[in-house]
Amino acid sequence: MKKLIGAFLLVLGLGFVACENETKNGDPSIIAMVNNEEFTTGVKFETWRPQFTDLKVANENVFYLKAETDTTLFSIRVPYTYRSDNENRKFIFGDVKQVENSVSVAFAQFIVFDKKTKTPIAIYKTSSDSEVISNPGEFEYAEFEKRVPGTISGSFYANMKKDTLPGYHKLSQKQKDYYTKTLRDVKSFQDGMIYRMPVSAGK
């Protein structure tokens, strides 16, 4: 399991030497409405607040946000900008992939873990393929005049398609049934807000 999680974080670039800010016990600076991935009758949206967040800015041009609950991990990668002309404030989510210094790549992903063993069961990912997800979502920075230096503020939404993980074949039959019969095909974050989440100065 540790190897699998390590691979996910590598894709996110969370291994970069970067500035970071960590908050525990429900971060008031991030909130969204999300569909319950286990609700199989209709669609049920709930207020989502992570219990732990980790924000990193790498190479002064991209930020990575990791937000966790007891059994899930939501993360996004967005080019980092603090321009006063309000240009390039919006970034469309696309394919989840390993990148370094690209200033145009943005994506979101969501991992679901087994409630007892904490084994990763499923991953939901944004995609640039309209046949996979017709509207993957976007992140938009707040207008420059509304931002506070040293913090990140913005809005986002993300629609992610369910996919298997590299270790799927090692899951128990019960875990595979949970993946195929319980988890919804799409995980959706709507009306997401990040408000003045602190960013430390890079070294």
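**Figure 1. Ser 29 sits in the loop between strand E1 (19-24) and strand E2 (30-35).** This is a predicted model, in which local features need pLDDT of at least 70 and side-chain atom pairs count only at pLDDT 80 or more, while totals for chains, interfaces and linings use all residues. Residues are numbered from 1 along each chain as its sequence is written, and side-chain values use heavy atoms, with hydrogens and water left out. Strands (E, at least two residues) and helices (H or I, at least four) are DSSP runs numbered from the N terminus. Ser 29 has 10% relative accessibility, so Ser 29 counts as buried. Buried means under 20% relative accessible area, exposed over 50%, and partly exposed in between (1.4 Å probe, protein chains only). Leaving aside neighbours within four places in sequence, Ser 29 is in contact with Met 193, Ile 194, Tyr 195 and Met 197. Contact means heavy atoms within 4.5 Å.

**Figure 2. The largest nonpolar core has 35 residues.** Such a core is a set of buried Ala, Val, Leu, Ile, Met, Phe, Trp, Tyr and Cys residues joined through side-chain atoms within 4.5 Å. Phe 63, Phe 74, Ile 76, Phe 139, Phe 189 and Ile 194 have the most contacts inside it. Strand E11 gives the most to this core, with 4 residues. A second, separate core of 5 residues includes Leu 73, Ile 111, Phe 113 and Ile 123.

**Figure 3. Phe 74 and Phe 156 form one of the ring pairs.** The whole structure holds 11 aromatic pairs. In this one, the ring centres are 5.9 Å apart and the planes lie at 20°, so Phe 74 and Phe 156 are stacked. Rings of Phe, Tyr and Trp (its six-membered ring) pair if their centres lie within 6.5 Å; planes under 30 degrees apart count as stacked, over 60 as edge-to-face and the rest as tilted. Phe 74 belongs to strand E6 (residues 72-79) and Phe 156 to strand E11, so the pair ties together parts that are 82 residues apart in sequence. Phe 74 is buried at 0% relative accessible area, and Phe 156 is buried at 3%. Ring pairs link both into a cluster with Trp 48, Phe 110, Tyr 124 and Phe 189.

**Figure 4. Asn 159 is placed in strand E11 (residues 151-163).** With 13% relative accessibility, Asn 159 counts as buried. The Asn 159 side chain reaches the backbone oxygen of Asn 135 at 2.7 Å. That side chain also makes a polar contact with the side chain of Gln 190, at 3.1 Å. A polar contact is a pair of N or O atoms within 3.5 Å; within protein, one must be able to donate a hydrogen and the other to accept it, and residues adjacent in sequence count only if both atoms are side-chain atoms. Leaving aside neighbours within four places in sequence, the contacts of Asn 159 include Lys 125, Thr 126, Ile 133 and Ser 188.
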